[in-house]
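Biologist: I'd like to learn how to read a structure like this one. Could you walk me through it, one feature at a time?

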Amino acid sequence: MARKKTGTIVTLPDGRMQAIISLKDGSRKRLPPFPKGTSRAMALERTALHAERAIAKGTVGRKRSVPSPRESGMDKWFTQWIQAREARGFTAVQENRAHFAMHISPVVGDTHVKEWTRDDLRSLSRHLDAKVQGKVLSWKSAINVWATATKMVGDAAESKHDGIRCRTDNPATGVEGPDRGDDVGEQYLYPSEFLKFMECAEVPEHWKQIVALAIYLYPRDAELRSLVCRDLDLEHASLRITKALNRRTNETKATKGRRSRSVSIEPNIMPLIKLMKGNRPASDPFITNMPSERDMARGLRRWLLRAGVDRHELHHRTPTTRPIRFHDLRATGLTWMAIRGDDHLKIQHRAGHTDFATTQRYIRMAEAVREGFGDPFPGLPAEFNRSAEWIGVSRSGRNSAESERGGRDSKPSKAQEDAQTPRKTGVPDRPATQRRELSVRMLIADQLAIDHETCGGMYSSGRLLDAGLAHHLLGVALRGMADRAALRGFATGEPRGQA
């Protein structure tokens, strides 16, 4: 049965909410914004009513005429310009196309870039200002459109490609761009808020890991997703960031700024990294359970609230602040470095900033909040390290199983190494299958908030499940799809029939 269409609510830059509903032909329509002060519950109710009526009446969207392909000289030049940027590895070409089609072309028409004048660019600047004032465009988006336009005329004057270079002057020089709006500051967590988050039993373990890594290593989201085990040099306590993940193609790309960097690993995060890395192959992704990109900001705010981290500016928008995003965890780590008094150039290098002015934002922020801030980069809670230990054991167990099957780690006999080498994780020296099941029990115990010592003690009977069933139970436990009482029985060593 198809899901009932109830519409979507979006928040405009001025704080008002606007409904988007689906029509009978599958097209989407934006309704007039709701008046200021409308509650979200009321907006959702009205949106669902409008969506139901539109479907019942058979309302369809207006058919947009598809313009026939133009063969103007400007179109040919723009295509060459885009291709040259793609060949150089720039990933913003899709935004460049949208900027030209939606904002630049309506102003300059079919006029070739070699004929653009300073007056044309002034007209574009005024046009963007009008869109910002009409709440059609944010001031930040207007600045990005202006950057595309000025880059086009700049390349038309100075590009090394003969097909792109078509003029001798740059008409954008000295022309004032769109007005800037209020700067929206970066958000950050206090060390006490971070520890409160890490100590909350209701926050999933993988979210705790990701948040800790994002703060203590300060990578960008795309850089964190692309990390593999070989990037972390535990012997020298160093992280090498050389690539990022392209969210559109899911392939690796160069980092922002197109330069690699080395980051010293903070001592208090080193135990967690050692346990997460374990003995896995160097090419394995370091983090295998990253949430969806669409849920990073919402998920972070959701779990912060669950942990009682409810500082107003972290969750509400004001004229000069916005709710915390996942990217702000990186800002948290950089602010903590500045609070600690790290050398400014060292902060710039670790952050990967090409412009020191960007780094100065964090330095100025640190100077304003230094008093009573707390100790940056505190030690992780003992409970979290202990639960992370079982995750490391579980992964080591899976690697052992693959070695026994002749899989990717079949060079040395991992099972023989496990039998000969005492483990340092506190798990008794049991056969690999039994160790794997115990680690699964511990992971389920984490989900059910069962004390680890109790779980381990009640496991002394040695009852075993086959590995496939154990990992199946783990999967449904992590997804919250299993009966908690049955899982509790399995985790604490009750008879198999109860699990």
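Predicted model: local features only at pLDDT ≥ 70, side-chain atom pairs only at ≥ 80, totals over all residues.

Biologist: Got it. How many helices and strands are there in the chain?

Modeller: The chain has 20 helices and eight strands. It is 499 residues long, and 45% of them count as buried. Take the contacts between residues at least 6 apart in sequence: 66% of these join residues at least 24 apart. As for the accessible surface, that is about 26700 Å², with 49% of it belonging to carbon and sulfur atoms.

Biologist: Now the rings. How do I describe two aromatic side chains that sit together?

Modeller: A pair of aromatic rings is described by the distance of the centres and the angle of the planes. With centres within 6.5 Å as the cut-off, the count here is 11 aromatic pairs. Take Phe 194 and Tyr 216: their ring centres are 5.5 Å apart and their planes are at 45 degrees, so this pair is tilted.

Biologist: Which parts of the chain does that pair tie together?

Modeller: Phe 194 is in helix 6 (residues 191-199) and Tyr 216 is in helix 7 (residues 205-217), so the pair ties together parts 22 residues apart in sequence.

Biologist: Are Phe 194 and Tyr 216 buried or exposed?

Modeller: Buried means under 20% relative accessible area. Phe 194 has 0% relative accessibility, so Phe 194 counts as buried. Tyr 216 is also at 0%, so Tyr 216 counts as buried too. Tyr 216 has another partner as well: with Trp 336 it forms an edge-to-face pair, 6.2 Å centre to centre and 80 degrees between the planes. Trp 336 lies in helix 12 (residues 327-340) and Tyr 216 in helix 7, so here the parts tied together are 120 residues apart in sequence.

Biologist: Which residues form an aromatic cluster?

Modeller: Trp 77, Phe 78, Trp 81 and Phe 100 form one. Arg 85 lies over the face of Phe 90, 4.6 Å from the ring centre, and the charged end of Arg 311 sits over the ring of Tyr 188, 5.7 Å from its centre.

Biologist: Let's finish with strands. In which sense do strand 4 and strand 5 pair?

Modeller: Strand 4 (residues 232-233) pairs with strand 5 in the antiparallel sense, over two bridges. The two form a hairpin with four residues between them, and Ala 237 in the turn has a positive phi of about 50 degrees. Across that pairing, Asp 233 stands opposite Ser 238 of strand 5.

Biologist: And how many bridges join strand 5 to strand 8?

Modeller: Four, and these two strands run antiparallel, with strand 8 covering residues 261-264. There, Ser 264 is the bridge partner of Ser 238. Look at the faces of strand 5 (residues 238-241) too: Leu 239 and Ile 241 make up the covered face, whereas Ser 238 and Arg 240 are on the uncovered one.

Key: Residues numbered from 1 in each chain as written. Heavy atoms only, no water. Phe/Tyr/Trp six-rings, centres within 6.5 Å; stacked < 30°, edge-to-face > 60°. Buried < 20%, exposed > 50% of the residue type's maximum accessible area, 1.4 Å probe, protein only. Lys NZ or Arg CZ within 6 Å of the ring centre and 35° of its normal. Contact = heavy atoms within 4.5 Å. Areas by Shrake-Rupley, 256 points an atom, 1.4 Å probe, with all protein chains shown as cover. Pairing = 2+ DSSP bridges.
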